[in-house]
Amino acid sequence: MRLHNLSPRPGAKTRRKRLGQGESSGHGKTSTRGSKGAGSRTGSAFRPGFEGGQMPLIRRLPKRGFNNVSFGTYYLPVNVGDLETFNNGQKVDAAAMREAGLANGTSDGIKILGKGKLTKKLTVSAQAFSANAKAIIEAAGGSCEVVKG
């Protein structure tokens, strides 16, 4: 087999549907939109879940039970490799990480994750640490402080 023998699989390449080119194009008159209704009009776009005026499925199903999502703890993730931007021996807390642009947005705190390498000795204070991140920081000579709230 050579490069000049290669061809796409049958049916993989189809011609573009050329609308508005007259009756003989096979897509004439209504341009494959049908005759009447909202779908035949310009600017029509149905939102996801729209069932043509019928009561949508999400509204037909009963809403029962308890959902714990709103009571969960949401941490902003910061990787250990991102802490390399700080100076050696510096104390890194939530305010310093936000100022450096590593943790943006609202959350219940910051969690340090173990992706990347750290060569500097840092004193890191955050609400949570992964086991791998704690090991990397302490292997570099730094320390981890768990802060409440």
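A contact means heavy atoms within 4.5 Å. On that basis, residues 24 or more positions apart account for 42% of the contacts with a separation of 6 or more in the protein chain. The model is predicted: local features need pLDDT of at least 70, side-chain atom pairs count only at pLDDT 80 or more, and totals for chains, interfaces and linings use all residues. Residues are numbered from 1 along each chain as its sequence is written, and side-chain values use heavy atoms, with hydrogens and water left out.

The protein chain holds 3 helices and 6 strands. Both are DSSP runs numbered from the N terminus: helices are H or I with at least four residues, strands are E with at least two. From the N terminus on, the order of elements is α-β-β-α-β-β-β-α-β. The radius of gyration is 29 Å, well over the 15 Å that the globule rule gives for 149 residues, so the chain is more spread out than a compact globule. This radius is taken over C-alpha atoms, and the rule is 2.2 Å times the number of residues to the power 0.38. Along the principal axes, the C-alpha atoms fill a box of roughly 80 × 60 × 30 Å.

Buried residues make up 20% of the 149 residues. Buried means under 20% relative accessible area, exposed means over 50%, and partly exposed lies in between (1.4 Å probe, protein chains only). The chain exposes about 11600 Å², and carbon and sulfur atoms supply 52% of it. Accessible areas come from the Shrake-Rupley method with a 1.4 Å probe; for residues, only the protein chains shown count as cover.

An open sheet of 3 strands has the order 2-4-6, with parallel pairing. Strand 2 (91-92) and strand 6 stand at the edges, each with a single partner strand, so one side of each is left without a neighbour in the sheet. Two strands pair if DSSP finds at least two bridges between them. Strands 2 and 4 are joined in the parallel sense over 2 bridges. K91 has T123 in strand 4 as its bridge partner.

Helix 3 spans residues 131-139, and A133, I136 and I137 are buried there. Seen down the helix axis, these buried residues fall within an arc of 95°, so they line one face. The arc is that of the directions from the helix axis to the C-beta atoms. On the other side, A131 and A139 are exposed. Cover for the buried residues includes strand 3 (109-113), strand 4 (123-126), strand 5 (128-129) and strand 6 (143-146). Just after helix 3, G141 takes a positive phi of about 100°.
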